[in-house]
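Dear colleague,

Here is the structure I said I would pass on, with the notes I made while going through it. Please read them with the coordinates open beside you.

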2 protein chains.
Amino acid sequence: MDRRIEKSRQAIMDAFTKLMLEKDFEKITINEIAELANVNRGTVYSHYVDIFDLLNQCIENHLNKLFENCQPRGSDNSISGKDSLCKTFTYLEQNAFFYSKMLMSKSITAFRNRLHALMVKSVEEQLDMNGINTDVNREIMVQYFASATIGVIEWWITNSMPYSSEYMAEQLLSLMERYQNVTDPLTRS
Amino acid sequence: MDRRIEKSRQAIMDAFTKLMLEKDFEKITINEIAELANVNRGTVYSHYVDIFDLLNQCIENHLNKLFENCQPRGSDNSISGKDSLCKTFTYLEQNAFFYSKMLMSKSITAFRNRLHALMVKSVEEQLDMNGINTDVNREIMVQYFASATIGVIEWWITNSMPYSSEYMAEQLLSLMERYQNVTDPLTRS
DNA sequence: TCACATATGTTGATTAATGAACAAAATCGA
DNA sequence: TCGATTTTGTTCATTAATCAACATATGTGA
């Protein structure tokens, strides 16, 4: 692809993310973004229909990074459970500022919704892979694990990460292991 | 000016400077520069005729920064003598890696030549401003001060800056003050 | 409430950057 | 030495980015 496109998108996204960290979403203008990205205002419009589109794509990018970054490395999924979960929390820790902003912002429900949707999908895939059979309704179980995981993450982030990522990984894992082989809901196939 | 031009020039210059620091000038290719700058090879040729042109403009940029950075701030030139000279050495210290490379490179005489030329010009301007009248030949005096200053700088840089920039400024100033009011040869009007 | 400023989208002409292709020169390795 | 590879410099059609100029909408302070 034409490298100009990549450069422009990157510059705009970086500028937007930077502005998100230092002010409320409602206060951010396209003018500001274009100025900070050192890009013509028209270029912003050529890539994103409006600022909400920009927000959604920004959320998408970050969440994709989160889920991608936390894939188990090794071919054996059994051992990588704790490792990948630990990596997940470490990644969250490194980007805590961003996720904290996103989770605490009242106006941005899009982020929570998208995170929840991705988590649900991830849990479903995990269940399919490990083939768990219980008498609990599958749909409910998915919601249960997804919400539980997100709840722990949200609490951890918004409370300034009071425990280490490794400790969090251990705790969450032991909670999940009580339900057999559901290891890392963040892991997608 | 079209901001695309500025961006491309900056990216190319940054890439070239970076490569200069980590390998010999002779080993640097246009391909490398374009790749590191993330720019089409043709773009490099549209801004610079060849790699020597690129080198010269790079030298010019850095030396301009050096001389600009060392202008006396205050309106009264009398006090600013030591301050600006100290700033000069501090600036050199911060960019020591680059200047050391440039001064030590056997193949690049262009840098030394250009530095010498700018220094001569600067000393001449200083002499004109302070209106020194001695029986010493003006031309010879200019060469004397220029070479003396460059010699000190070169020794300081290539010997890993054994003294602080403030100490260097003091010493050089006291040497120059023996010839009346010639303060900071690096200062241009 | 009403100017006044700022932000939002849109349009169109212009321009710089792009990728691909090319021939020629230089470099390298065997 | 010779063949293969890389680099160099150039050309050209295509395309994304630019700037300027709009009209409209949205605040914001007096």
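In chain A, helices α1 and α6 pack at an angle of about 65°, with their axes 9 Å apart, where axes are lines fitted to C-alpha atoms, for helices over the stretch in contact, and angles run from 0 to 180 degrees between N-to-C directions. The two helices, α1(A) and α6(A), are therefore roughly perpendicular to each other, given that angles of 65 to 115 degrees count as roughly perpendicular, those under 35 as roughly parallel, those over 145 as roughly antiparallel and the rest as oblique. The contact is made by A:Thr17, A:Met20 and A:Leu21 on the α1(A) side and by A:Phe97, A:Phe98 and A:Lys101 on the α6(A) side, two residues being in contact if their C-beta atoms, placed from the backbone, lie within 7 Å. By class, this contact of α1(A) with α6(A) has 4 nonpolar, 1 polar and 1 charged residues; Ala, Val, Leu, Ile, Met, Phe, Trp, Tyr, Cys and Pro count as nonpolar, Asp, Glu, Lys and Arg as charged, and the others, Gly among them, as polar.

Please bear in mind that this is a predicted model, in which local features need pLDDT of at least 70 and side-chain atom pairs count only at pLDDT 80 or more, while totals for chains, interfaces and linings use all residues. Residues are numbered from 1 along each chain as its sequence is written, and chains are lettered from A and ligands numbered from 1 in the order in which they are written.

Not counting residues up to four places away in sequence, A:Tyr99 touches A:Leu92 and A:Ile157, and its C-alpha atom is separated by 11 Å from that of A:Trp155, which lies 56 residues away along the chain.

For chain A overall, there are 9 helices and 0 strands, helices (H or I, at least four residues) and strands (E, at least two) being DSSP runs numbered from the N terminus. Of its 189 residues, 24% count as buried.

The residues near DNA strand C divide into 5 nonpolar, 8 polar and 6 charged. Around DNA strand D there are 19 residues, of which A:Ser8, A:Asn40, A:Thr43, B:Thr29 and B:Ile30 come nearest. Two or more residues of that surface come from each of α1 and α3 of chain A and α1, α2 (30-37) and α3 of chain B.

Best wishes

Key
A residue is near a molecule or strand if its C-beta atom, placed from the backbone, lies within 6 Å of it. A residue is buried if 20 or more other C-beta atoms lie within 10 Å of its own, exposed if 12 or fewer, and partly exposed in between; C-beta atoms are placed from the backbone.
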